[in-house]
Structures are given as C-alpha cells and as structure tokens.
Amino acid sequence: MKEFEKIINYNFKNKNLLKEALTHSSYANEHKSSNMKCNERLEFLGDAVLSIVVADYIFNNCPQLPEGELTKLRAALVCEKALFKFGKSINLGEYLLLSKGEKNGGGAERPSIVSDAFEAVIAAIYLDSGMEAAKKHILRFIIPEINNRSTKPFKDYKTTLQEIVQKNPGEKLQYQLVSETGPDHDKHFVFDVLLNSNVIGTGGGRSKKEAEQNAAREALELMGY
C-alpha cells in the first residue's frame, strides 16, 4: 500500500480506507472469516464524486461547448474505457486484492474490475481528506485526457438515441433488464431498449451501463443511423 500511495502521490491518514478500496468482492468472499470489506460501496460513492468533479471542471473550462456536447464529453471521461485507461496508467491492477481464481483468471487486467477500483480509490481519498483532495487526484487524469482528445471520442449511443426519439413528442424510451448472470465478481447483464413498449434493441455487457449502451447501439443500427 505504501508503494501505491507513492504512485498516486497521496498518503492516507486512515489506511483501512485504502485497503477497502483495493479489495475486490472475490477476495472479501474468500476471506469472510476476517470480516473483510470489499470496495463496492466505495465504488458507488466514487462514481458520484467523479461525476461532479468532471462536470464542474468542463463546465468552467469548456465555455464554448453547449449542453449536449458537455454531456457527451463527461460521458467519455467517466466511462469504463476511460477509467480502465487511467487505472492502467498507475498499475492499479497490480495492487488489487483478488481471490486466487480471479487473479489466475486475469482479473487484474479486467476493465470492469480496474475501473470500479479506480472509482473506489477516489471515494477513499474523499472520505480521508475531503473534496479538494479527491478533486486534485481526479484532475491529474482528466485534464491531460481533455487536452489530448485528438483520439476518436467515446460514442454515447444512449444520448444519441434519446436525441433522435425526442424529435417525436410523445415517444417514450426506456431500458429494461432482461437477465443478470454470473458470480458477483464477474456479472453479465443483458438489457432491452424499448420504444413505446416495443423492443428496438438488445445489448449485453459486464456492467449495466455497458449493456444499456450496447442496446442503444443496436437500436441505432437497426434504425439506419
């Protein structure tokens, strides 16, 4: 943990917060007798802290962007693909506590696991020292990513589909969970996207967000976009 603290340039006052942030549910389940806490609750909080910091930064530093473009940029900066990239840049996977099976199965390189842990670390810093410390940590990754957006932007299929549907007043779009399979540490979700109760696309993924995006993408393809 000391090594990881050096990498992120932050020293925890409460080391248990960092340990919890680095503990995957598979490891906690494997060590139930020791009352280990996994990082799922921290991930939930970290997601919220990340979203507000990113929204605040791009609102104040990208005045030329309209609301729709701000929404797309925020989505690109907080999606699983981006968080996995940030996590890889600090070798986060190497410091995670994983079960033997998860570790042998390549869990340290799994995008869903690394991106979730990245959010959990954000929450741990927030709880340890407050919003300013968390903001400093987050912007270390966000600012360079915004400055180097010459790469192909993240496709926010859900927003694109919503914008198309909104052109027709009265049309209702919703996402419905079809199935949820696999153990807690390796879930697979399938979602339908419905237009006025009619299924127009189906998608799967390791997270609900990813599955919904893939469902929206299929709907757009079937609609000819």
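A salt bridge here is a side-chain nitrogen of Lys or Arg within 4 Å of a carboxyl oxygen of Asp or Glu. The side chains of Lys-158 and Glu-212 meet that test, with N to O at 2.7 Å. This is a predicted model: local features need pLDDT of at least 70, side-chain atom pairs count only at pLDDT 80 or more, and totals for chains, interfaces and linings use all residues. Residues are numbered from 1 along each chain as its sequence is written, and side-chain values use heavy atoms, with hydrogens and water left out.

**Terms for the elements**

- Helices (H or I, at least four residues) and strands (E, at least two) are DSSP runs, numbered from the N terminus.
- Buried means under 20% relative accessible area, exposed means over 50%, and partly exposed lies in between (1.4 Å probe, protein chains only).

**Salt bridges**

- The whole structure holds 10 salt bridges.
- Side chains of opposite charge can pair when their charged atoms come close.
- Lys-158 sits in helix H10 and Glu-212 in helix H11 (residues 208-222), so their bridge ties together parts that are 54 residues apart in sequence.
- Lys-158 is partly exposed at 26% relative accessible area, whereas Glu-212 is buried at 15%.
- Glu-109 forms a salt bridge with Lys-88, the closest N and O atoms being 2.7 Å apart.
- That pair links distant parts of the chain, 21 residues apart: Glu-109 is in the loop between helix H7 (100-104) and helix H8 (111-129), and Lys-88 is in helix H6 (residues 80-89).
- Glu-109 is partly exposed, at 48%, and Lys-88 is partly exposed, at 41%.
- Arg-110 and Glu-102 join through their side chains in a salt bridge of 2.6 Å, N to O.
- Both Arg-110 and Glu-102 are buried.
- Glu-180, Asp-184 and Lys-187 form a network of salt bridges.

**Thr-159 in helix H10**

- Thr-159 belongs to helix H10 (residues 157-165).
- Thr-159 is buried, with a relative accessible area of 18%.
- Its side chain makes a polar contact of 2.5 Å with the side chain of Asp-156.
- A polar contact is a pair of N or O atoms within 3.5 Å; within protein, one must be able to donate a hydrogen and the other to accept it, and residues adjacent in sequence count only if both atoms are side-chain atoms.

**The sheet**

- Two strands pair if DSSP finds at least two bridges between them.
- Three strands make an open sheet in the order E1-E2-E3, with antiparallel pairing.
- E1 and E3 are the edge strands, and each pairs on one side only.
- From one strand to the next, the twist averages 20°.
- Strand E1 (residues 173-181) and E2 pair over eight bridges.
- Leu-173 has Leu-195 in E2 as its bridge partner, and Tyr-175 stands opposite Val-193 in E2.
- H10 packs on the sheet and touches E1 and E2; its direction makes about 145° with that of E1.
- H11 also packs on the sheet, touching E1, E2 and E3, and its direction makes about 135° with that of E3.
- Contact means heavy atoms within 4.5 Å; axes are lines fitted to C-alpha atoms, for helices over the stretch in contact, and angles run from 0 to 180 degrees between N-to-C directions.
- Seven bridges join E2 to strand E3 (residues 198-205).
- Phe-191 stands opposite Gly-203 in E3.
- Six of the eight residues of strand E2 (residues 188-195) are buried, so E2 is largely enclosed by the rest of the structure.

**The hairpins**

- Six residues lie between E1 and E2 in their hairpin, where Gly-182 in the turn has a positive phi of about 90°.
- Two residues separate the strands in the hairpin of E2 and E3, and Asn-196 takes a positive phi near 55°.
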